[in-house]
Amino acid sequence: MNNAAKTAPALRGYPRRDGRKGIRNVIAVAYLVECAHHVAREIAGIDRAAAHVIGFPGCFPNVYAQKMMERLCTHPNVGAVMIVSLGCESFDRDRLARVVAESGRPVETLVIQNAGGTRSTIAAGQDWVRARAAELAAAPTVPMDVSELVVGTVCGGSDGTSGITGNPAAGVAFDRLVAAGATCIFEETGELIGCEEIMAARAATPELAVELRASVDKAARYYATLGFGSFAVGNAEGGLTTIEEKSLGAYMKSGQSPISGLIKPGDIPPRGGLYLMDVVPDGEVRFGFPNISDNAEIVEMMASGAHCTLFVTGRGSVVGSALAPVIKIAANPHMYRRLAEDMDINAGRILEGAASVAEVGAEIFDFVSALAAGKQSASEALGHQEFILTYKSFEPIGPACLPV
Amino acid sequence: MAATDSRLLLLSPGDSVYVLRDQVAAGEVIAVQGRHVTVPVALGLGHKIARVAIAAGEKVIKYGAPIGSASTAIAPGEHVHLHNLRSDYTPTHSRDAASDTGEETA
């Protein structure tokens, strides 16, 4: 233990004006409607390692999407922002540019309809990205402490192994991170159906317990209206039978720490601790499924400041993310052998008796620290930069959600 | 303590199901608390095997918590899945429930 601590590379971060630090220093190339997506992708293509594409496809305005894009463009891992607008979409690009400028980051807006079309916008964008990439690569870093990290967790492509290997190991890592003062976020209330009572018992205050229970009730109602739970065909093929069984397995990711608060996408946790993110929209069912695939959840945790995401998979998801690296934890040892190049941690060894949950948890904790010292995760090195953002609507959280 | 196949993992003392930590081939005979049970179809790791007799309507317990109710009586050693376990919240949809269970419908 002591040896490992001595030899572990030091965490370092890129300081931002709001006091947060980034573990990466990338350029966000943000399209504001699908019609500008191609141009944004071509601009970022000049330097795919330095420039990551994010965006919102819709032409109709959405308060949630505006907030998400503002949070993502001022994410600690982002050092500069190129905004790509078609011109006639509803998104408030001036407000987005102002928010980014006020954060102290270089920002440039290109409006395709005013910039001479596709080719000239791409050329102008690439020039800007090239210049910023050189600056960001030379930017100084400062020492960073584990307590300054924000870490999210998600499970995708779950099977019957996820809840007994990867998820409990991620929970151990979360407990260590929280004990060190870091901020940890778990989510998908639709995958906590059946866990509401045991989860509420961990709430920091009785009032927060009520909020936690209510968030799961809301998810159950929402999914009942849709007619489908958060349960895919592959889950059943992997041995999971019911949503509450999948939920209990997913719940293991949260570890044993007390729950400090309930946040919604884009809310920045006020201090270290363990937070539940309520990802199910408020009000009547409006825009379809809360999160249509795993990356939607990763994006929402990034919007709340997550520097990286622990992703536990049994069936074998290969995704990464734009802006913030994803650590891939294989729950199933057979899948690990099939997809080793996409995996960072083999938690399947727990099933084979080759490692304990605590040992794999320690490995995950060390991997998070190494990421913050500059190491790349497998999905990051493979160039995965998935991103998805769709329509939602939320009410602000109530006063009982952040009690301390 | 009665013999149980080492591939059957008990997650919590009060559980009514085991979890398979490795595959079981079709036709294999496995020990479940001293009882010898023939597994009719191949089962992958992560699947559940009944540890005790479970009555129709009874809660099935895994991780020490209910994961749904038995839709039919389940004998010890039997595969527990979509054909005999139902959610108490939202129904589980699948491409083809019969083939997903790996069980014969008879």
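Visitor: At what angle do the axes of helix H3 and helix H4 of chain A cross?
Guide: This is a predicted model. Helix H3 covers residues 63–73 of chain A, and helix H4 covers residues 93–102. Their axes come within 9 Å. The crossing is at roughly 30°.

Visitor: Which residues of H4(A) does H3(A) meet, and how many residues of the contact are nonpolar?
Guide: H3(A) passes H4(A) in a right-handed crossing. From H3(A) come A:Gln66, A:Met69, A:Glu70 and A:Cys73. They meet A:Arg95, A:Leu96, A:Val99 and A:Val100 in H4(A). One residue of the contact is polar, two are charged, and the nonpolar ones number five.

Visitor: Why are H2(A) and H5(A) called oblique to each other?
Guide: Helix H2 (residues 37–44) and helix H5 (residues 118–137) of chain A pack with their axes 8 Å apart. The angle is about 40°. Angles under 35 degrees would count as roughly parallel, and 65 to 115 as roughly perpendicular. At about 40°, the pair is therefore oblique.

Visitor: How do the residues of the contact of H2(A) with H5(A) divide?
Guide: H2(A) brings A:His38, A:Val39, A:Glu42 and A:Ile43. Among the residues they meet in H5(A) are A:Thr118, A:Thr121 and A:Gly125. The residues of this contact divide into four nonpolar, five polar and one charged.

Visitor: Which strands are the edge strands of the seven-stranded sheet of chain A?
Guide: The sheet is open, with parallel pairing. Its order is E10-E11-E9-E8-E12-E13-E14. An edge strand here pairs on one side only. The edges are strand E10 (259–263) and strand E14 (345–346).

Visitor: Which residue of E13(A) stands opposite A:Leu310?
Guide: Strand E12 (residues 308–313) and strand E13 (residues 326–330) of chain A pair in the parallel sense. Five bridges join them. Opposite A:Leu310 stands A:Ile327.

Visitor: At what angle to E8(A) does helix H6 of chain A run?
Guide: Helix H6 spans residues 166–179. It lies across strands E8, E9, E11, E12 and E13 of chain A. Relative to E8(A), H6(A) runs at about 170°.

Visitor: Which term describes H6(A) against H13(A), oblique or roughly parallel?
Guide: Helix H13 covers residues 357–371 of chain A, and its axis lies 7 Å from that of H6(A). The packing angle is about 55°. That makes the pair oblique.

Visitor: How many residues are nonpolar in the contact of H6(A) with H13(A)?
Guide: H6(A) passes H13(A) in a right-handed crossing. H6(A) residues in the contact include A:Pro168, A:Val172 and A:Leu177. Those of H13(A) include A:Val357, A:Ile364 and A:Phe365. One residue is polar, one is charged, and the nonpolar count is 13.

Visitor: Which residue takes a positive phi in the hairpin of E3(B) and E4(B)?
Guide: Strand E3 (residues 29–32) and strand E4 (residues 35–38) of chain B run antiparallel, joined by four bridges. B:Val32 stands opposite B:Arg35. Two residues lie between the strands. The one with a positive phi, near 50°, is B:Gln33.

Visitor: Which three residues supply 21% of the area that chain A buries against chain B?
Guide: The contact takes 32 residues from chain A and 30 residues from chain B. The buried area is about 2500 Å², with 60% from carbon and sulfur atoms. On chain A, three residues supply more than any other three: A:Thr241, A:Glu244 and A:Leu351.

Technical notes: Residues numbered from 1 in each chain as written. Chains lettered and ligands numbered in written order. Predicted model: local features only at pLDDT ≥ 70, side-chain atom pairs only at ≥ 80, totals over all residues. Heavy atoms only, no water. Axes fitted to C-alpha atoms, helices over the stretch in contact; angles between N-to-C directions. Parallel < 35°, antiparallel > 145°, perpendicular 65-115°, else oblique. Contact = heavy atoms within 4.5 Å. Nonpolar A, V, L, I, M, F, W, Y, C, P; charged D, E, K, R; others polar. Pairing = 2+ DSSP bridges. Buried area = accessible area lost by both parts, 1.4 Å probe. Left-handed = near helix turned anticlockwise from the far one by under 90°.
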